[in-house]
Protein chains: 2
Amino acid sequence: MQNQKKVNVAVVGATGAVGQQMISLLEQRDFPINQLKLLASGRSAGKTVKFKGQDVVIEEATPDSFAGVDYALFSAGGSISKDLAPHAVRHGAVVIDNTSAFRMDPEIPLVVPEVNMDAAHQHKGIIANPNCSTIQMVAALKPLYDRFGIDRIIVSTYQAVSGAGQSAINELQEQSRDILDGKEAKANVLPVSKLPVHHQIAYNAIPQIDVFTDNGFTYEEMKMINETKKILGDDTVNVSATCVRIPVIYGHSESVYVELKQDYDLAEVKQLISDAPGVVLQDSPEEQVYPLATEATGKLDVFVGRVRRDLHHPRGLHMWIVSDNLLKGAAWNTVQIAEELIKAQQ
Amino acid sequence: MQNQKKVNVAVVGATGAVGQQMISLLEQRDFPINQLKLLASGRSAGKTVKFKGQDVVIEEATPDSFAGVDYALFSAGGSISKDLAPHAVRHGAVVIDNTSAFRMDPEIPLVVPEVNMDAAHQHKGIIANPNCSTIQMVAALKPLYDRFGIDRIIVSTYQAVSGAGQSAINELQEQSRDILDGKEAKANVLPVSKLPVHHQIAYNAIPQIDVFTDNGFTYEEMKMINETKKILGDDTVNVSATCVRIPVIYGHSESVYVELKQDYDLAEVKQLISDAPGVVLQDSPEEQVYPLATEATGKLDVFVGRVRRDLHHPRGLHMWIVSDNLLKGAAWNTVQIAEELIKAQQ
């Protein structure tokens with residue numbers, strides 16, 4: 001990204017788990033930054049963050065923070081996005097929003113660059129970043145969708161606690177230590193901090209992420225269902241999801257069953273996955289090679305393995321999809337959208 | 001089980017994780033024991049185990065250990081069962097075997113008491129106990145199979161490390177502590193101790209349990225597929241499984257999608273599950289009540305929740321099934337078969 005026109009970037013939610021990854025990516029990727037503005041709540045204002053060797057002072061995010069900003073990357077919660085993103089747009093910034101605030105707004109593109117970057121270019125000021133568990137699944141399935149079509153997807157997730165923020169990471173670590181020390185584990189954050197009941201996550205599997213909707217599915221599950229259709233631009237793709245939080249810190253894993261619209265050749269499926277941008281095939285069972293959350297941590301790609309033919313359905317296919325939920329699932333997808341927009345303007 | 005003819009029982013593999021649970025159940029359940037014989041490898045011979053306040057000395061398991069034994073409960077590995085079970089039968093014992101040695105032998109019944117106890121009564125000396133992940137799924141689905149028929153099952157598991165024995169429990173605990181202390185985690189046991197590659201299980205999800213077969217599925221996955229058909233006595237039930245080890249100590253969880261043969265009423269499905277023997281419906285999403293591995297630990301039942309209609313397929317149904325893998329998944333199912341055999345003889 002060198003030798004390009006430099007831009008002014010604001011990160012809203014600069015102290016959060018995703019915001020910090022965004023800052024780190026802007027530095028690592030040599031993003032063509034002229035000025036970096038770090039915004040957060042009043043509580044964090046005045047703190048400093050190192051960026052390329054310089055101290056950047058965090059400012060309180062207000063409607064007028066966005067003067068002169070070209071790209072505003074939001075990850076400070078849905079209500080902050082709803083309040084401030086329109087102001088950023090008013091100031092001429094392109095907003096790339098990592099919350100769920102605008103994802104299902106028909107006027108706002110929901111973008112995974114490898115899948116539908118063309119939609120991003122149609123933006124009217126705001127581009128939404130999909131939910132973490134959706135991004136990695138759609139990135140991996142896109143080449144199969146293009147070649148064969150997809151009838152249905154049945155996915156069960158194995159999601160890391162970092163998706164629920166730093167407090168959930170702390171909770172997992174504290175509970176783990178208490179249990180190893182023979183003490184009682186205290187649960188205050190997961191599965192949903194604002195709900196009355198909290199369950200132990202250490203050495204457990206909690207089949208609830210986000211609140212329940214009336215149909216018995218959670219919002220997290222409905223996000224995977226609805227966002228997949230919107231990103232692929234195809235309402236006929238049927239998705240069923242069961243979203244589960246497990247005691248992993250970074251990296252979501254997904255057990256995915258796909259029914260294609262056409263018969264397929266397994267070798268071709270693996271080749272298509274292997275050739276897909278941003279996707280890495282890790283699939284050598286004989287050498288015990290398959291994607292693992294611990295190995296995906298810190299990497300930008302989506303990893304796919306355990307690709308195998310269903311034993312009954314001729315168009316059925318199983319696979320295991322893993323990615324770092326804070327990177328491709330959040331910060332990297334956001335920064336990547338900005339990079340692609342800038343590239344297109346060169 | 002009081003006021004019954006008392007029997008002589010041998011536990012083979014008395015020092016293992018499952019063997020110890022068997023001994024504990026024989027005591028808790030007031031199983032009608034005349035004499036308890038504890039058998040293990042020569043290495044453990046001479047150690048003592050408390051049973052109803054008495055010290056029982058562990059003896060080395062040999063072909064002649066079974067004289068006078070009525071019920072021999074095996075859980076010392078497949079090769080020991082293959083070697084010694086025929087000798088136990090020769091001495092007149094009924095063998096209930098918790099290993100995979102005889103499960104797919106067409107001459108040997110594979111039994112979950114709530115599902116096919118009639119098959120157990122046809123035994124020719126040996127009864128096989130199914131794989132842990134199969135037992136809980138089949139127990140939960142049996143009432144739906146009877147009422148509606150089942151076309152297909154797609155299951156993704158979240159399996160506890162105790163299924164791989166005490167060394168795997170130790171490994172998870174040591175790795176957890178090392179990682180919390182900022183040290184490197186050492187992997188020597190999981191996913192399969194005898195294979196060359198070991199992966200970290202702490203804060204990870206490993207999509208391999210047992211070795212791989214030629215079709216890309218693991219043996220654990222094929223066990224769920226083949227054993228389900230055998231237990232239900234119906235080769236037309238199509239099962240697809242993805243078996244995953246997660247950092248849980250006790251309790252397997254399963255995300256299960258079922259396609260019934262007939263349309264169903266969701267309230268009736270829940271009622272059928274609720275009425276099923278050995279199965280407990282825990283399904284109040286509005287109160288965040290659903291089965292959890294930590295809460296199933298130490299209990300004999302199979303817990304079912306998150307029961308909900310698929311959003312697309314009219315005969316599709318999702319649920320979350322949890323049970324203690326060492327109890328209903330192993331020791332309890334074995335002891336329960338013995339109890340039922342004894343009851344039938346009264």
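This is a predicted model: local features need pLDDT of at least 70, side-chain atom pairs count only at pLDDT 80 or more; totals for chains, interfaces and linings use all residues.
Let me start with a glycine. Gly92(B) sits in the loop that runs from helix H2 (78-90) to strand S7 (94-97) of chain B. Is Gly92(B) buried or exposed? With a relative accessible area of 52%, Gly92(B) is exposed, because the cut-off for that class is over 50%. Apart from neighbours within four places in sequence, the contacts of Gly92(B) are Val69(B) and Asp70(B). The C-alpha of Gly92(B) is also 8.2 Å from that of Phe66(B), 26 residues away along the chain.

Now for the interface. Chain A and chain B each put 65 residues into the contact. Together they bury about 5,300 Å², and 57% of that is on carbon and sulfur atoms. How many salt bridges cross between chain A and chain B? The rule finds 10 of them. One example pairs Arg306(A) with Glu221(B), with N to O at 2.7 Å. On the chain A side, the elements giving two or more residues include strand S9 (150-158), helix H5 (166-180), helix H6 (219-232) and strand S13 (302-309). By class, that side of chain A has 32 nonpolar, 21 polar and 12 charged residues.

A residue I like for seeing the two chains together is Ala205(B). You will find Ala205(B) in the loop between helix H5 (166-180) and helix H6 (219-232) of chain B. Its relative accessible area is 0%, so Ala205(B) is buried. Setting aside the neighbours within four places, Ala205(B) is in contact with residues of chain A, among them Ile246(A), Val248(A) and Trp320(A), and with Val244(B), Arg245(B) and Ile246(B) in chain B. The C-alpha atoms of Ala205(B) and Arg245(B) are 5.8 Å apart, although 40 residues separate the two along the chain.

Next, some backbone details. In chain A, the peptide bond between Leu190(A) and Pro191(A) is cis, with omega about 5 degrees. Chain B has a cis bond between Leu190(B) and Pro191(B), and omega there is about 5 degrees. Pro191(A) is in the H5 to H6 loop of chain A, and Pro191(B) is in the H5 to H6 loop of chain B. Tyr203(A) is not a glycine, yet its phi is positive, at about 55 degrees. Tyr203(A) belongs to the loop between H5 and H6 of chain A, and at a relative accessible area of 7% it is buried. Gln288(B), another non-glycine, has a positive phi of about 55 degrees. Look for Gln288(B) in the loop between strand S12 (279-281) and helix H8 (293-296) of chain B; at 4% relative accessibility, Gln288(B) is buried.

On to charges. Side chains of opposite charge can pair when their charged atoms come close. Over all chains, the rule counts 42 salt bridges. In chain A, Asp151(A) pairs with Arg315(A), the closest N and O atoms being 3.2 Å apart. Asp151(A) is in strand S9 and Arg315(A) in the loop between S13 and S14, so this pair ties together parts that are 164 residues apart in sequence. Both are partly exposed, Asp151(A) at 26% and Arg315(A) at 22%. Lys261(A) joins them in a network of salt bridges.

In chain B, Lys223(B) and Asp210(B) form a salt bridge at 3.2 Å, N to O. Lys223(B) is in helix H6 and Asp210(B) in the loop between H5 and H6, so parts 13 residues apart in sequence are tied together. Lys223(B) is buried at 17%, while Asp210(B) is partly exposed at 22%.

Asp324(A), in the loop between strand S14 (316-323) and helix H9 (327-345) of chain A, is buried yet has no salt bridge. Which side chain of opposite charge is nearest to Asp324(A)? That is Lys299(A), 8.9 Å away. What the side chain of Asp324(A) does reach is the backbone nitrogen of Leu326(A), at 2.9 Å. Beyond its sequence neighbours within four places, Asp324(A) has contacts including Gly251(A), Thr297(A) and Gly329(A).

Definitions and conventions. Residues are numbered from 1 along each chain as its sequence is written. Chains are lettered from A and ligands numbered from 1 in the order in which they are written. Side-chain values use heavy atoms; hydrogens and water are left out. Helices (H or I, at least four residues) and strands (E, at least two) are DSSP runs, numbered from the N terminus. Buried means under 20% relative accessible area, exposed over 50%, partly exposed in between (1.4 Å probe, protein chains only). Lys and Arg count as positive and Asp and Glu as negative; His and the chain ends are not counted. A salt bridge is a side-chain nitrogen of Lys or Arg within 4 Å of a carboxyl oxygen of Asp or Glu. A polar contact is a pair of N or O atoms within 3.5 Å; within protein, one must be able to donate a hydrogen and the other to accept it, and residues adjacent in sequence count only if both atoms are side-chain atoms. Contact means heavy atoms within 4.5 Å. Buried area is the accessible area (1.4 Å probe) that two parts lose on being put together, summed over both. Ala, Val, Leu, Ile, Met, Phe, Trp, Tyr, Cys and Pro count as nonpolar, Asp, Glu, Lys and Arg as charged, and the others, Gly among them, as polar.
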